Amino acid sequence: MESLPDAVVQYIFSFMNNARDVAVCKCVSKRWKDSLPYIKSLYFPRNSFDSHTGIDHPDTIVWKMISSVFKLEELVVYSPFSSIGLASWMLLAGSSLKHLELRMDNLAEYQNCIDSPSKLECISTAKNLESLKLWGVLMMNSPKWDAFPKLQSLEIVGAKLEDPALTAALRACPNLKNLLLLGCEGVRSVLIELPSLEQCKLDFYGMGNYSLTLTSPKIEFLEVQGCSWISVCETACLRNLSISNNAGRVYMVDFGKLAALEFLSIRGVQWCWDAISKMLQLASEPPQASKIRYPWSNVCCSLSKEQLEKCAVRVCDSLPGGGGGDGQITVEC
C-alpha cells in the first residue's frame with residue numbers, strides 16, 4: 001500500500017462502506033486517514049453502537065463521519081437515530097446523496113410522527129435521490145416532501161399508512177420506475193398515477209379488503225396482495241401479473257388488454273366468479289402467454305402456450321349461485 005500512488009489508494013478506499021471499518025482505518029496511518037474522505041458510501045449496521053461507551057451521542061458520531069466525506073452518495077443506517085440527528089446529516093450530505101436507506105423504527109411512536117421536524121420531513125432535503133428505502137414507517141400525515149425529480153426506486157417495508165399520506169408521498173415522486181410497498185397496513189383505497197412506473201409490488205396486511213387503482217402506461221411487472229377491487233386500465237406493456245388475497249375475497253378485477261402478457265398467477269382464499277371469469281378471459285387472449293397458473297382447492301395447473309390455446313374451463317356444479325365459495329375449477333386440455 002505504501003508504494004501505491006495516492007490516487008490508487010483513494011480509489012481502493014472508495015469501495016469501503018462499513019462505518020466500523022472506516023473508523024478502524026482512520027487509526028492506521030495519516031495517509032489512510034487522508035484517503036478516507038473519498039469514500040462514496042457509509043453503512044451503519046443495527047448493532048453499530050450496542051457497546052458504545054463514549055461521550056458523543058451516536059447521532060453525533062454519524063454526523064462526524066459524514067462530515068469527513070467530500071461527496072457522500074449512499075447512506076444506509078440501520079442503527080437507532082433521532083429526527084434531529086437525521087436532519088443534521090441531511091444538511092451535510094443531502095445534496096450529494098443518490099441512495100438512502102433508513103430503518104425508521106417509528107411504527108409505535110405517533111408523537112414522533114407529528115413532531116417537527118419528523119424523520120420523513122428531514123428526508124426532503126435530499127432532492128437528488130435516485131433510490132429511497134424505508135423500514136418501519138409510520139405515515140399518518142402527508143409528508144412535507146416538495147419533489148424528488150430524480151427518484152426512480154421507492155421501497156417501503158413494514159408501514160402504517162393513511163390514504164392521503166400515501167397519495168401525497170407518491171405524488172412527490174413523479175418519475176418512479178420501481179415501487180415496492182411490503183407489509184403495509186392502514187390504507188383503504190390506493191390510487192397510483194405514475195407515468196414512468198415499470199415494476200410495482202404491493203403487499204397489504206390486514207382484512208384484505210383494499211381497493212387499488214393503478215394508472216401507469218409503462219407497467220411491465222405487477223404483483224398485488226390483499227386487494228378486493230383492482231383496476232388497471234393501461235396494460236399494453238404488462239408482461240408479468242400476479243394477484244393474491246390471503247385474507248379477504250377478490251370481488252372485481254378490471255384490466256385492459258393483456259397483449260404482452262407472459263406470466264399470470266392468481267391465488268386466494270375466495271374469488272367471486274365474476275373476477276375469476278374476467279381473469280380467465282383476459283388470460284386466454286394473448287397468444288404469446290407462456291405460463292398461466294390457476295390454484296384453487298389445492299389444484300394448480302401450469303399451461304404452456306400450446307395447451308392454453310386448446311384449453312376449456314368447466315366450472316363444477318358446487319359453485320353456489322355462480323360465484324365465490326370453495327367450489328373447484330378444473331382445467332381440461
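Are Tyr11 and Phe15 buried or exposed? Both Tyr11 and Phe15 are exposed (over 50% relative accessible area; under 20% is buried, in between partly exposed; 1.4 Å probe, protein chains only). This is a predicted model: local features need pLDDT of at least 70, side-chain atom pairs count only at pLDDT 80 or more, and totals for chains, interfaces and linings use all residues. Residues are numbered from 1 along each chain as its sequence is written, and side-chain values use heavy atoms, without hydrogens and water.

**View 1. The Tyr11 and Phe15 rings pair edge-to-face.** The structure holds 9 aromatic pairs (Phe, Tyr or six-membered Trp ring centres within 6.5 Å; planes under 30 degrees apart are stacked, over 60 edge-to-face, the rest tilted). In this pair the centres lie 5.0 Å apart and the planes meet at 85 degrees.

**View 2. Tyr38 and Phe70 form an edge-to-face pair.** Their centres are 5.1 Å apart, with 85 degrees between the planes. Tyr38 sits in the loop between α3 (30–35) and β1 (41–44), and Phe70 in the loop between α4 (58–67) and β2 (74–77), so the pair ties together parts 32 residues apart in sequence. Helices (H or I, at least four residues) and strands (E, at least two) are DSSP runs, numbered from the N terminus. Tyr38 is partly exposed at 33% relative accessible area; Phe70 is exposed at 59%.

**View 3. Tyr43, Tyr78 and Trp135 form one aromatic cluster.**

**View 4. Lys119 lies over the face of Phe81.** The distance to the ring centre is 4.5 Å (cut-offs: NZ of Lys or CZ of Arg within 6 Å of the centre and within 35 degrees of the ring normal).
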